[in-house]
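Please read it alongside the sequence and the structure.

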Amino acid sequence: MIKDNIKLISKIRDRFAYVESCPFQGQRIFFESAGGALTLKSVAETSKFYAAIPDNPGRQNPAGQGTQEVIDKAKKDLAILMNASSGQFFVGESGTELLFRMIRTACLSAPKGSKVIGSSIEHPASRSAARRWADITEMDYISVCHDNATGMVTAADYNAHMTPDVAVATILHASPVTGIRMNVEEIAIAIRSVSPNCCIIVDGIQHAAHGQIDLQAYNVDGYAISPYKMFSRHGYGVAWISERLTTTPHDQLIDAPLINWEFGTRDTGSYATLSDVVSYFEWLGSEISHETSRRSLIQAAGHAIHTYETHLTDRLINGSGNLRGLRELDGITILAGEDNPEREGLVSIFIEGMKSENVVEKLNVQGIRTHTRKADHYSGNVLLPLNQNDCVRISLCHYNTESEIRKLLAALAEIVACKR
């Protein structure tokens, strides 16, 4: 595994750009992965290569055919990464935009008088789309309340509100505010046990970098990710849709093929960088297992990532060596509990008597990059029920080290001591 393999951690870090330094700041520790993970060096190189190619994919010339093959390969790679045996992948403006498109399509095709269900823990990307299109299509919107103490919504919570006339459902896979993962498979089972034909759409944007995705197991109709949060680059999102959602009437050009969900010429580089990400997962799997199939290597990598990130967040919360953890530092409160087994590489805190933005700035002066989440339209659904205006989000990934955790704990201990 990763935890005790210093050489492997070094090799992992060597595959990412700007691991220890920022071109604007200089030396820094990066604990802002939920805002956008570090980028693979191969992704930067691939992007540069394809950005210079003028040819459109699919044209009857060597470059057109070659770039189309790159796109086709990336879609096959994504199917292995996310374990999709059917349906299709396509790219759009962003993960948020793709969630809006999928939810809009599902609502517009729903039977008159049906309902939409979602949860209060969701990112506004899915909640906003579901509420907007429920209003437009005159569907009742049902909001399932999450538990403030755990930051979770469960299958039982959904089931308590389910009726056969629920036609559209949204699920958040992991929260970018608390880092807590929902059990998508169990929630989907609960939904379909009452409404078998419900169209289920999942926001997987925060979860994607921290563990495995298994679309066959989930039995859903749509799943969105943002590649910049999964070691690729900004500027686009990726969606998978089931065969049923694929053929549901949707926005498209007149007389275009019914299965076409993409608009305009595709950026070959965006697809090509997804193949880089899949290759990275396969490489990591080969470093820590004896598996041979591509899917098995990806599963091994996902398990190792989750195990190592759990170790790092455990050290952050409970302490490392002679350094006290977050739970022992005076005045610090951890969102979603100190011992939450569903945590994925993210710990959000607030310090009594201090504005979170001031804490973030003090850490930044010491070269430790974190982020403030405020009770605004992005995070108010989590913070306002806690009577909290803001929090400090510490989001890590498997390229971080325990040494970096120790430097963060030392800095926070100093901040708390000075507050007194």
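In this predicted model, Val 359, Lys 362 and Leu 363 of helix α12 meet Leu 408, Ala 411, Leu 412 and Ile 415 of helix α14. By class, this contact holds six nonpolar residues, one charged residue and no polar ones.

**Helices α12 and α14**
- Helix α12 spans residues 356-365 and helix α14 spans residues 402-419.
- Their axes come within 10 Å of each other and cross at roughly 125 degrees.
- An angle of 65 to 115 degrees would count as roughly perpendicular and one over 145 as roughly antiparallel, so α12 and α14 are classed as oblique to each other.
- The crossing of α12 and α14 is right-handed.

**Helices α3 and α11**
- Helix α3 (residues 62-81) packs against helix α11 (residues 294-318) at an angle of about 55 degrees, and the two axes are 9 Å apart.
- That angle makes α3 oblique to α11.
- On the α3 side the contact involves Asp 77, Ile 80 and Leu 81, and on the α11 side Arg 294, Arg 295 and Ile 298.
- The contact of α3 with α11 has three nonpolar and three charged residues, with no polar ones.

**Helix α7**
- Helix α7 covers residues 184-194, and its buried residues are Val 184, Ile 187, Ala 188, Ala 190, Ile 191 and Arg 192.
- Exposed means over 50% relative accessible area, so Ile 189, at 54%, counts as exposed.

**Ala 169 in strand β7**
- Ala 169 sits in strand β7, which runs over residues 166-172.
- Buried means under 20% relative accessible area, so Ala 169, at 0%, counts as buried.
- Apart from neighbours within four places in sequence, Ala 169 is in contact with Ile 117, Ile 191, Cys 198, Cys 199, Ile 200 and Ile 201.
- One of these contacts, Ile 191, is among the buried residues of helix α7.
- The C-alpha atoms of Ala 169 and Ile 71 are separated by 30 Å, and the two residues are 98 apart along the chain.

Terms used: Residues numbered from 1 in each chain as written. Predicted model: local features only at pLDDT ≥ 70, side-chain atom pairs only at ≥ 80, totals over all residues. Heavy atoms only, no water. Helix = DSSP H or I, 4+ residues; strand = E, 2+ residues; numbered from the N terminus. Buried < 20%, exposed > 50% of the residue type's maximum accessible area, 1.4 Å probe, protein only. Contact = heavy atoms within 4.5 Å. Axes fitted to C-alpha atoms, helices over the stretch in contact; angles between N-to-C directions. Parallel < 35°, antiparallel > 145°, perpendicular 65-115°, else oblique. Nonpolar A, V, L, I, M, F, W, Y, C, P; charged D, E, K, R; others polar. Left-handed = near helix turned anticlockwise from the far one by under 90°.
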